[in-house]
Amino acid sequence: MASLVLPGSGLAAASDERCTDRRDAALSTRPRLRLSGLYALPRKPARTLVVFAHGYRKPATVYWQRHLRREARRGAIAVAMDYRGIGGAPDYRGWNVRAGAADSIRAARHFWQGCRSLRRIILVSVSMGSNAAGLALAAQPVRHSSPCTDRAGQPRCAAPYFPEPLFDHWVNVEGAANVTETYLEAVAVAPGNAYARAAKEDIEREMGGTIAEVPERYREATLVARAEDIAASGVRSVTFVHGLEDGLVPYDQSRELAAALRRHDVPSDFFTVLTRGEGDDGTTISGYALGPAGQNSPFAGHGSEEDITHLVIRTGFERLWAIRRGATVGPAREFVVDGILGTHPAP
């Protein structure tokens, strides 16, 4: 498998004094990591670090300030990276999922090693961000960069070393788990759809060619083909949230990955979102298939990640908050989320 390349040689770990902030601000990661992104700190020492992975054309520095600040107000350290190489305004082009994975690992290690109060790291991803998050897990990162040092950089080789997984939990929201499928769908739609054409070009740029030219690169980036590697990361649980009528990332992609991870005994919950209730419908299959006649679907499609009122996005954040409160995930539970009827175990 191709390995992730972590940027730079790393900065010194931050001191505990730099792990809290009373300003309710989203701060640039550049001074700390020499990489573009944002982070927010709580008023008191945090037990939880939340690492967000953003979706296609939704860079953290543009779209994630509100989410980061909200998580800090709820008592967590929160960070989201832009992924090296992403394009500039107004389109923010790029399917830079390998860089996104490496940058997320770097950010997680930086705060873990520098903030002694932390006890767990939760990875939260939306759409394309799930491709990056899954690759971060598949790289099987551990919490200490060296087996002979502790989080403060002090020697710890006197006893046998058992590396701790970097990430404890993954909340995977409307995730792109099968980039091969996404690419082939974009190829099919590209002649008449500018958004799909851009995605096709960006995926080809990330992979280094078409799927016919570099099939192994596509397989390496396809999470459903990397389930064994993800399971070997030591992640304690994966929570899936996906709208049944998602018009951008088909629902089957989360189903494929959930089934593959369950075969490797990874505890998981799966939340299937049906009608949208009072929230926005997002991007739905009916909207694509029926044009104007399919607008204002009663179903929740693909949510815009900056819109927490969308039922899929809202459910994803609610699952994050539940895990932070100590909720148990799995071993293989199913739930139906309906904007009218609420959330219920699947029949």
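This is a predicted model: local features need pLDDT of at least 70, side-chain atom pairs count only at pLDDT 80 or more; totals for chains, interfaces and linings use all residues.
**Whole chain**

Start with everything shown. The chain has 12 helices and 10 strands. Of its 347 residues, 54% are buried. Now consider contacts with a sequence separation of 6 or more: 72% of them join residues 24 or more positions apart.

**Stop 1: helix H4 against helix H5**

Select residues 97-114 for H4 and 128-138 for H5. Their axes come within 8 Å and cross at roughly 60°. The crossing is right-handed.

Show side chains at the contact. From H4, pick Val97, Arg98, Gly100, Ala101 and Ile105. From H5, pick Met128, Asn131, Ala132, Leu135 and Ala136. By type, the residues of this contact are 7 nonpolar, 2 polar and 1 charged.

**Stop 2: helix H6 against helix H7**

Move to residues 179-189, which form H6, and 194-207, which form H7. The two pack at an angle of about 135°, and their axes lie 8 Å apart. H6 is therefore oblique to H7. Here the crossing is left-handed.

Which residues of H6 and H7 meet? On the H6 side, select Val179, Thr182, Tyr183, Ala186, Val187 and Val189. On the H7 side, select Ala196, Ala199, Lys200, Ile203, Glu204 and Met207. The contact divides into 9 nonpolar, 1 polar and 2 charged residues.

Stay on H7 and check its length. It has 14 residues and reaches 20 Å from its first C-alpha to its last. That is close to the 20 Å expected at 1.5 Å a residue.

Now colour H7 by burial. Its buried residues are Ala196, Ala198, Ala199, Asp202, Ile203, Glu204, Glu206 and Met207. What do they pack against? Their partners are H4, H6 and helix H8, residues 215-221. Keep the helical repeat in mind while looking: an α-helix has 3.6 residues a turn, so residues three or four places apart point the same way.

**Stop 3: Ala190, between H6 and H7**

Select Ala190, in the loop between H6 and H7. Is this residue buried or exposed? Its relative accessibility is 5%, so Ala190 counts as buried; the cut-off for buried is under 20%.

Set aside neighbours within four places in sequence. Ala190 is then in contact with Ala196, Arg197 and Lys200. Glu201 is 11 residues from Ala190 along the chain, and their C-alpha atoms are separated by 9.5 Å.

**Stop 4**

Step back to Ala177. This residue sits in the loop between strand S6 (169-173) and H6. With 1% relative accessibility, Ala177 counts as buried.

Which residues does Ala177 touch, not counting those up to four places away in sequence? Select Thr222, Leu223, Val224, Gln253 and Leu257. Then draw a C-alpha to C-alpha distance from Ala177 to Gly134: the pair is 43 residues apart in sequence and 7.8 Å apart in space.

**Stop 5: helix H12**

Select residues 311-324, helix H12. Why does the length of H12 agree with expectation? At 1.5 Å a residue, its 14 residues should span 20 Å, and its end C-alpha atoms are 20 Å apart.

H12 is mostly covered, with 11 of its 14 residues buried. Highlight them: Leu311, Val312, Ile313, Thr315, Gly316, Phe317, Leu320, Trp321, Ala322, Ile323 and Arg324. Follow the chain past the end of the helix to Gly326, which has a positive phi, near 105°.

**Stop 6: helix H3 against H12**

The crossing is right-handed.

For the contact, show His67, Arg70 and Glu71 of H3. Then show Phe317, Leu320, Trp321 and Arg324 of H12. This contact holds 3 nonpolar, 1 polar and 3 charged residues. The four H12 residues of this contact are also among the buried ones of the helix.

How values were computed: Residues are numbered from 1 along each chain as its sequence is written. Side-chain values use heavy atoms; hydrogens and water are left out. The expected span of a helix is 1.5 Å times one less than its number of residues. Buried means under 20% relative accessible area, exposed over 50%, partly exposed in between (1.4 Å probe, protein chains only). Axes are lines fitted to C-alpha atoms, for helices over the stretch in contact, and angles run from 0 to 180 degrees between N-to-C directions. A crossing is left-handed if the near helix is turned anticlockwise from the far one by less than a right angle, and right-handed if clockwise. Contact means heavy atoms within 4.5 Å. Ala, Val, Leu, Ile, Met, Phe, Trp, Tyr, Cys and Pro count as nonpolar, Asp, Glu, Lys and Arg as charged, and the others, Gly among them, as polar. Angles under 35 degrees count as roughly parallel, over 145 as roughly antiparallel, 65 to 115 as roughly perpendicular and the rest as oblique.
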